[in-house]
Amino acid sequence: MDSFQIFTTSTSLVDSVDKKLLVVLRDGRKLIGILRSFDQFANLVLQDTIERIYVGDAYGDIPRGIFIIRGENVVLLGEIDLDKEDESPLREVPVEEILQVQREEMELRVKREKIKNRMLSDQGFSVDQAEFGDLY
Amino acid sequence: MLFYSFFKTLVGQPVTVELKNDLAITGVLVSVDQFLNIKLDNIKVVDEERYPHMLAVKNCFIRGSVVRYVQLPAPSVDTALLQDAARRERQQPAAARR
Amino acid sequence: MDEHAPLESAGIEEPLDLVRLSLDERIYVKLRGDRELRGKLHAYDGHLNMVLGDVEETITVVDVNDETLEEVIRIVKRNCEMLFVRGDGVILVSPPSRA
């Protein structure tokens, strides 16, 4: 039974090997690369990876290379439709520019989240630090 | 194992998976495994404008641990069977302990 | 000891046995974050993964004005015919009498 169960995890990712994937991580990072290997925990090996930062309708790319990603940090991975990718309405901007707007947006978001979490906590809701760290 | 078996009966059905970060993705359920990792095909993100990075993605593998809800097609769910299975699943471990 | 006897005879030995008694009943579920659910319990497991029917979800939204940093609390309700809920987000399950 056990070997059968492990088998089911692998079948779901085996079709994606050697394809160009978008991987979203728990800290909000988006990586684009070629899936070369994986295991039953969804640990991944990505080749020719770039990190793409999105803010509004703009994005910027940082070349990163090979990644070994621990499965627990993976939110989702998806195959990129190369035709749809070409039709993208987003515009590419230089890395320095996107990092700057990302920093500004993040500061605003952290400020907003702090207030929200305090309000919700006053209302008896459970908003803990761990959740606050997961800004994906 | 109850929900693993349950989701297997829903393969081929349209579902909406809502993640803990509020991202909601509708698609056809392709596969599920024992961790309740979910694979969807022909996906559409519910609030597309907020998640531009998903625009070019056609199918996806979602790690079970990041799922908050899965909205299911009610007519495909046999609630009587589910309740029976839930009752049985609880009895088994209790009996094994004695 | 005596006062425990009726519970045991009803098949109640551990907390989740109380959830079993709520099968096919409407329950209240409080989740991590800003969410609460009310719905009919169709299935659950030891992780408190659940399938609920005729669900009403209550989301408590806090809107923050970016300039004044004033906050306004808004309650949003959503309905769903059939919903799987992952157990790791569940804080408490309350049986029908209080739902």
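Mentor: Two strands pair if DSSP finds at least two bridges between them. Helices (H or I, at least four residues) and strands (E, at least two) are DSSP runs, numbered from the N terminus. This is a predicted model, in which local features need pLDDT of at least 70 and side-chain atom pairs count only at pLDDT 80 or more, while totals for chains, interfaces and linings use all residues. Side-chain values use heavy atoms, with hydrogens and water left out; residues are numbered from 1 along each chain as its sequence is written, and chains are lettered from A and ligands numbered from 1 in the order in which they are written.

Trainee: What makes strand β5 of chain B and β4(C) a pair?

Mentor: Strand β5 (residues 67-71) of chain B and β4(C) share three bridges in the antiparallel sense. At one position, B:Gln71 has C:Leu83 of β4(C) as its bridge partner.

Trainee: How many residues of chain C and of chain B are in contact?

Mentor: Contact means heavy atoms within 4.5 Å. By that rule, 28 residues of chain C touch 28 residues of chain B. The area buried between these chains is about 2400 Å², with 57% given by carbon and sulfur atoms. C:Met82, C:Phe84 and C:Arg86 supply 28% of the area that chain C buries against chain B, more than any other three residues. Buried area here is the accessible area (1.4 Å probe) that two parts lose on being put together, summed over both.

Trainee: Why are B:Glu18 and C:Arg78 said to meet in a salt bridge?

Mentor: A salt bridge is a side-chain nitrogen of Lys or Arg within 4 Å of a carboxyl oxygen of Asp or Glu. In B:Glu18 and C:Arg78 the N to O distance is 2.8 Å, so the pair qualifies. Side chains of opposite charge can pair when their charged atoms come close. The rule finds four salt bridges across the interface of chain C and chain B. B:Glu18 and C:Arg78 also belong to a network of salt bridges with B:Asp22, B:Arg68, C:Asp34, C:Arg35 and C:Glu57.

Trainee: Where does the salt bridge between C:Asp88 and B:Lys20 lie?

Mentor: The closest N and O atoms of C:Asp88 and B:Lys20 are 2.6 Å apart. The pair crosses between chains, from the loop between β4 and β5 (90-94) of chain C to the loop between β1 (14-19) and β2 (24-32) of chain B.

Trainee: Is C:Asp88 buried, or is it partly exposed?

Mentor: Buried means under 20% relative accessible area, exposed over 50%, and partly exposed in between (1.4 Å probe, protein chains only). C:Asp88 has 37% relative accessibility, so it counts as partly exposed. B:Lys20, at 31%, is partly exposed as well.

Trainee: Why is B:Lys39 given the class that it has?

Mentor: B:Lys39 has a relative accessible area of 7%, and therefore it is buried. B:Lys39 is found in strand β3 (residues 38-45) of chain B. Leaving aside neighbours within four places in sequence, its contacts include A:Asp15, B:Val30 and B:Phe61.

Trainee: What makes C:Glu56 and C:Lys77 a pair that ties together parts of chain C?

Mentor: The closest N and O atoms of C:Glu56 and C:Lys77 are 3.5 Å apart, in a salt bridge. C:Glu56 lies in strand β3 and C:Lys77 in strand β4 of chain C, so the pair joins parts 21 residues apart in sequence. C:Glu56, with a relative accessible area of 26%, is partly exposed, and C:Lys77 is partly exposed at 47%.

Trainee: How many salt bridges does the rule find across the interface of chain A and chain C?

Mentor: The rule finds zero salt bridges there. Chain A and chain C bury about 1300 Å² between them, 67% of it on carbon and sulfur atoms. A:Ile115, A:Met119 and A:Phe125 supply 38% of the area that chain A buries against chain C, more than any other three residues. Helix α3 (residues 95-122) of chain A gives seven residues, the largest share of the side that touches chain C.
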